[in-house]
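Subject: Model handover

Hello,

Here is the structure I promised you. Please look it over before reading my notes below.

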Amino acid sequence: MSVSAVADLQDSLLVAMNDLKRLEGLLDHATGNLLDRFNKAMQVADGLPDSTEAQLIREALHLAVTELQFHDMASQLLVHTGKVLKGCAYTLAEQAMEPEEDEIGVVVTHMPQNPNPVTQSEMDAGSIELF
């Protein structure tokens, strides 16, 4: 593979990493808004007179907190994927370029040690451990 092709591919990987960072920021913002709205709904529900319907609303809001775990899982996956892309970009550069004399024999790995930081694959009730 030519150095030019490697440079173009490396640039594309770095653009993808930047997009993942932007996505993480958007996810943080949306989760913050969701948490604010959740808290406001809890305040309103707590002010309702005791009734079966009010209790059902409170229980539904308490169960909804597990959905906020999605943010944590998604953030971990975004960071991990960014590290994989960065590792690929560095590996491409190392493979395409001749090592400097003082770099010969130096092995540097940029890839994450774990294949996946999140093993959760669903958001069903009871499938999330709160921490």
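D50 is exposed, at 74% relative accessible area. The cut-offs are under 20% for buried and over 50% for exposed, with partly exposed in between (1.4 Å probe, protein chains only). The side chain of D50 meets that of R58 in a salt bridge, 3.8 Å from N to O. I count a salt bridge when a side-chain nitrogen of Lys or Arg lies within 4 Å of a carboxyl oxygen of Asp or Glu.

Before the rest, two notes on the source. This is a predicted model, so local features need pLDDT of at least 70 and side-chain atom pairs count only at pLDDT 80 or more, while totals for chains, interfaces and linings use all residues. Residues are numbered from 1 along each chain as its sequence is written, and side-chain values use heavy atoms, leaving out hydrogens and water.

Salt bridges

R58 also pairs with D46, again at 3.8 Å, N to O. That pair links distant parts of the chain: R58 sits in helix α2, D46 in helix α1, and twelve residues separate them. Helices here are DSSP runs of H or I with at least four residues, strands are runs of E with at least two, and both are numbered from the N terminus. R58 is buried at 10% relative accessible area. D46 is partly exposed at 49%. Together, D46, D50 and R58 form a network of salt bridges.

The count of salt bridges is three. One of them joins D19 and R22, with the closest N and O atoms 3.2 Å apart. Both residues lie in α1, three residues apart, about one turn of the helix. D19 is partly exposed at 39% relative accessibility. R22 is exposed at 55%.

Helix α2

Which residues of α2 are buried? They are A54, R58 and L61. Seen down the axis of α2, its buried residues fall within an arc of 65°, so they line one face. The arc is taken from the directions of the C-beta atoms as seen from the helix axis. These buried residues pack against α1 (3–46). On the other side of α2, T52, E53, L56 and L63 are exposed.

Whole chain

The chain has three helices and zero strands. Of its 131 residues, 22% count as buried.

Best wishes

Note on methods
Contact = heavy atoms within 4.5 Å.
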